[in-house]
Amino acid sequence: MQNRLTIIDQLKHPQLLGALPVFRDLKTWAMWLVFLKALFGLPLDSIELEAFQKFTGRERYLPPEGGFPEACVIAGVQCGKTTITGALLDSEVLTGQAGTVAVGVAQDHRGSMRVLLRYAREPFETIEIFKNEVERDTADFLELKRGTALGAYPCRPSALRGVKASIVVMDEAAHYIATDGRPTDLEMWRVARGRVAMTSGKIIAISSPYAQSGLLYDLHKKHFGKDESPVLVWQASSKDMNPCLSDDYLQRMQEDDPEAYRSEVLGEFRSGTSTLLDMEAIQACVDADVRERAPMSETTYVGFCDPSGGRHDRFVVAVAHADGERVVLDAVRVWTPPLNPSGVIAEACAFLKTYRVSQVHGDRYGAEYNAEQFRKNGLSYEPSERDRSEIYLELLPLINSERAVLLDHAELLRELRGLERRRGTSGKDKVDHRRGSTDDIANASAGALVLANKPLCVCGVFVL
């Protein structure tokens with residue numbers, strides 16, 4: 001194996017990466033080759049220079065010596081991002097310094113890590129020259145006889161502590177979410193910088209974009225189109241990077257979900273999408289180690305319900321009270337499906353009665369049925385005057401001003417961190433959970449806190 005070979009050389013070599021079936025026709029990888037040449041500071045011809053200018057927004061090609069130390073690719077789905085990630089790791093593990101690791105980072109799920117490692121491991125399983133280099137092969141790690149290693153890591157910053165990396169490639173970095181709902185992309189980037197500090201290695205984030213926040217958005221805002229910037233930012237659509245994509249497939253995606261099409265195909269950040277609540281602001285409202293507050297005899301409580309039909313969503317009720325200018329979340333109860341709605345409502349009413357709650361407000365879902373079932377159990381049910389988005393938007397100033405007091409409830413905090421604010425077509429903002437997530441506990445808790453912030457009318461008299 002010749003250490004002087006660049007990744008471009010290896011992709012073109014019929015016995016190296018070029019032996020992989022996916023790379024036998026490099027014409028379809030033309031734009032990726034331009035990116036890789038620019039990344040490593042290799043010469044570009046006139047046609048490649050035009051592509052570089054188009055996808056980086058730069059007028060001049062001024063790579064630092066040895067290429068760009070940090071780079072970011074913002075591109076749509078199905079354009080070969082993970083395949084290129086694997087190739088970068090393979091090339092580096094064959095040419096890196098002994099004692100270093102070529103690091104691939106994936107979302108914190110075993111499935112996504114296995115996908116990343118499968119792409120990177122393929123040449124070591126199918127190409128003879130690569131096979132001869134293997135010293136040890138484990139589930140998440142591959143060690144070579146030359147003293148280098150290739151490893152796949154989850155998007156937990158602590159996972160990279162102590163690693164001496166020759167390269168760090170962050171696959172689908174815009175979607176890094178910790179189990180508690182915190183985005184980890186920015187923190188992973190900071191940790192990666194420390195891992196390559198002694199090796200002069202590169203850090204590369206390759207991902208489809210999402211909201212106008214986070215690592216990719218920050219890198220794009222600071223470095224895209226800046227000729228002198230040491231960080232290379234490349235933005236392109238799926239079709240630009242993979243001309244083999246079917247036009248029919250892309251058209252169906254556009255028709256099915258126009259908003260997702262702009263980010264997942266065109267490689268554009270979702271307009272008007274941002275995180276609703278700041279993580280530090282949420283944490284400042286948490287009453288540490290308090291999971292639930294017992295009812296107090298002189299306190300007036302309110303209850304809010306996020307009901308369920310019993311098959312898919314959870315059934316949640318929350319209790320809160322006003323304490324001067326503050327609103328305090330006292331307790332949350334959650335029932336997980338499958339469940340019997342009438343039985344759960346009976347249990348919920350028994351719980352609410354311990355806080356002397358006689359009227360519960362809630363989602364308009366199944367309002368007539370819910371009202372009847374609550375009535376049977378001695379409580380009245382009033383559909384909320386505010387929809388979900390309005391409740392969250394009223395919660396926002398309570399959190400930002402630290403007037404809300406939250407429970408130290410891990411799932412509640414995770415759901416609050418995952419709330420997103422989107423600009424509606426009518427000019428009215430919409431707040432909801434991220435795709436694939438839930439917000440049942442957050443919705444019930446927010447509803448109770450917002451309700452506690454308003455005066456209650458009892459027998460025609462407003463009281464707090």
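Axes are lines fitted to C-alpha atoms, for helices over the stretch in contact, and angles run from 0 to 180 degrees between N-to-C directions. Two packed helices are described by the angle between their axes and the distance between the axes. The structure is a predicted model, in which local features need pLDDT of at least 70 and side-chain atom pairs count only at pLDDT 80 or more, while totals for chains, interfaces and linings use all residues. Residues are numbered from 1 along each chain as its sequence is written, and side-chain values use heavy atoms, with hydrogens and water left out.

**Figure 1. Packing of helices α2 and α3.** α2 and α3 pack at an angle of about 85°, with their axes 10 Å apart; helices (H or I, at least four residues) and strands (E, at least two) are DSSP runs, numbered from the N terminus. The two helices are therefore roughly perpendicular to each other (angles under 35 degrees count as roughly parallel, over 145 as roughly antiparallel, 65 to 115 as roughly perpendicular and the rest as oblique). From α2, Met31, Val34, Lys37 and Ala38 make the contact with Glu48, Ala51, Phe52 and Phe55 of α3, contact meaning heavy atoms within 4.5 Å. These contact residues divide into six nonpolar, no polar and two charged (Ala, Val, Leu, Ile, Met, Phe, Trp, Tyr, Cys and Pro count as nonpolar, Asp, Glu, Lys and Arg as charged, and the others, Gly among them, as polar).

**Figure 2. Packing of helices α2 and α4.** Helix α2 (residues 30-39) packs with helix α4 (residues 81-95) at an angle of about 40°, and their axes are 12 Å apart. That angle makes α2 oblique to α4. Trp32, Leu36 and Leu39 in α2 meet Lys81, Ile84 and Leu88 in α4. Five nonpolar, no polar and one charged residue form this contact of α2 with α4.

**Figure 3. Leucine 49 in helix α3.** Leucine 49 lies in helix α3 (residues 46-56). Its relative accessibility is 29%, so leucine 49 counts as partly exposed (buried means under 20% relative accessible area, exposed over 50%, partly exposed in between, with a 1.4 Å probe and protein chains only). Not counting residues up to four places away in sequence, leucine 49 touches Leu44 and Tyr61. A separation of 8.5 Å lies between the C-alpha atoms of leucine 49 and arginine 60, which are eleven residues apart along the chain.

Figure 4. The buried residues of helix α7 (residues 185-195) are Asp185, Met188, Trp189, Val191, Ala192 and Arg195. Among the elements that cover these residues are β1 (70-75), β2 (101-106), β5 (149-154), β6 (165-171), β7 (202-207) and α8 (215-223).

**Figure 5. Asparagine 370 in helix α14.** Helix α14 (residues 367-376) contains asparagine 370. This asparagine 370 is buried, with a relative accessible area of 3%. Its contacts, not counting residues up to four places away in sequence, are Pro307, Ile345, Tyr365 and Tyr381.

Figure 6. Cysteine 72 is in no disulfide, and the nearest cysteine sulfur, that of cysteine 79, is 12 Å away. Cysteine 72 is buried, at a relative accessible area of 0%. Cysteine 349 is likewise in no disulfide, the nearest cysteine sulfur being that of cysteine 305, 8.8 Å away. Cysteine 349 counts as buried at 1% relative accessibility.

Terms used:
Disulfide = S-S within 2.5 Å.
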